[in-house]
Amino acid sequence: MNSIKQRFADLNAQITHAEYNAHRPLHSVQLLAVSKTQSASTIAQAYYLGQRHFGENYLQEALSKQRQLSAFAICWHFIGPIQSNKTKLIARHFHWVHSVDRLKIAQRLNEQRSAQLPPLNICLQVNVSNEDSKSGIALAQLHELVNDIRQLKNLRLRGVMAIPAPQADYALQCQPYRILYQAVQALKLPELDTFSFGMSGDLHAAIAEGATIVRVGTALFGQRS
Ligand SMILES: *Cc1c(COP(=O)(O)O)cnc(C)c1O
């Protein structure tokens, strides 16, 4: 009984449970199905169960699946590292980008986003656990970058995304999210309404600390091959 249907039901129950435990409104957390390496037909299965938001890390792979699924009303999120030469296609083919980590990338997305399309929703990726190897801006850069990106009219800055170092301990899972949540609250900008926090391994902690989008691959689709 390890079907996507079963895992989808379990995952939604887990999210509801975490919302309840955190005294947060039902459905205040949106599930982003991370479909990297999954086929278009697997995405279609999740779609028929009601899932509408899908996250992709690799541009060419994503574009190919978008073509196959063009008849589906999917909201596509780009969540992978962004090289400058990829911004044009990302600006054209996605509704959200979670992984903006420098002004230059935001400026390119802004220039390349058609004014005919709605503004591209943006999250700044913040490196809260301060690991040298991970992408994302330092917390100390948040204020300045938020102010710069807010000016870009074809973008709509929505909030932050974080991928903390994996921790088994619940309290340690909470820590980076709490720090980042408070740093965003301190900016007092109501338009920053999005916290893209949490993956399969730390959903509960992320929701307790204010996640509004959880990005889940493995717990929905199973282990990636
Ligand atoms: C792969 C990935 C996820 C999903 O990870 P799981 O552990 O499979 O849930 C979430 N966010 C990002 C940025 C990813 O690259």
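This passage describes selected local features of one predicted model. Residues are numbered from 1 along each chain as its sequence is written, and side-chain values use heavy atoms, with hydrogens and water left out. Because the model is predicted, local features need pLDDT of at least 70 and side-chain atom pairs count only at pLDDT 80 or more, while totals for chains, interfaces and linings use all residues.

Ser35 sits in the loop between strand E1 (30-34) and helix H2 (40-48). Helices (H or I, at least four residues) and strands (E, at least two) are DSSP runs, numbered from the N terminus. Ser35 is buried, with a relative accessible area of 0%. Buried means under 20% relative accessible area, exposed over 50%, and partly exposed in between (1.4 Å probe, protein chains only). The side chains of Ser35 and Glu56 form a polar contact of 2.7 Å. Such a contact is a pair of N or O atoms within 3.5 Å; within protein, one must be able to donate a hydrogen and the other to accept it, and residues adjacent in sequence count only if both atoms are side-chain atoms. Neighbours within four places in sequence aside, Ser35 is in contact with Ile43, Phe54, Gly55, Glu56, Glu61, Lys65 and Phe221. Contact means heavy atoms within 4.5 Å.

Helix H2 follows. Its buried residues are Ala40, Thr42, Ile43, Ala44, Ala46 and Tyr47. The elements that cover the buried residues of H2 include helix H1 (4-21), strand E2 (53-56), helix H3 (59-68), strand E3 (75-78) and helix H9 (218-221). Just after H2, Gly50 takes a positive phi of about 115 degrees.

Positive phi values also occur at His23 and Lys188. Most residues other than glycine have a negative phi. For His23, phi is near 55 degrees. This residue lies in the loop between H1 and E1. His23 is exposed, at a relative accessible area of 75%. For Lys188, phi is about 55 degrees. Lys188 belongs to the loop between helix H7 (170-185) and strand E7 (194-197). Lys188 is exposed, with a relative accessible area of 70%.

The largest pocket has a volume of about 350 Å³. Of the 20 residues that line this pocket, Lys36, Asn57, Ile79, Ile163 and Met199 are the closest to its centre. By class, the lining holds eight nonpolar, eight polar and four charged residues. Pockets were defined on a 1 Å grid over the protein atoms alone: a pocket is an open set of points where a 1.4 Å probe fits, with protein on both sides within 12 Å along at least five of seven lines, and lining residues have an atom within 4 Å of a point. Grid points are joined across faces, edges and corners, and a volume is the space filled by probe spheres set on the points. Ala, Val, Leu, Ile, Met, Phe, Trp, Tyr, Cys and Pro count as nonpolar, Asp, Glu, Lys and Arg as charged, and the others, Gly among them, as polar.

Thr87 lies in helix H4 (residues 87-93). Thr87 is buried, with a relative accessible area of 0%. Residues up to four places away in sequence not counted, Thr87 touches Ile82, Ile105, Arg108, Leu109 and Gln112.

A search of the whole structure finds zero disulfides (pairs of cysteine sulfur atoms within 2.5 Å). For Cys123, the nearest cysteine sulfur is that of Cys75, 11 Å away. For Cys174, the nearest is that of Cys123, 20 Å away. Cys123 is buried at a relative accessible area of 0%. Cys174 is also buried, at 3%.

Leu152 is placed in the loop between helix H6 (142-150) and strand E6 (155-162). At 14% relative accessibility, Leu152 counts as buried. Its contacts, leaving aside neighbours within four places in sequence, are Ala106, Gln107 and Asn110. Leu152 and Gln223 stand 71 residues apart in sequence and 38 Å apart in space, C-alpha to C-alpha.

Ala183 is located in helix H7. Ala183 is partly exposed, with a relative accessible area of 22%. Beyond its neighbours within four places in sequence, Ala183 is in contact with Leu139 and Leu142.
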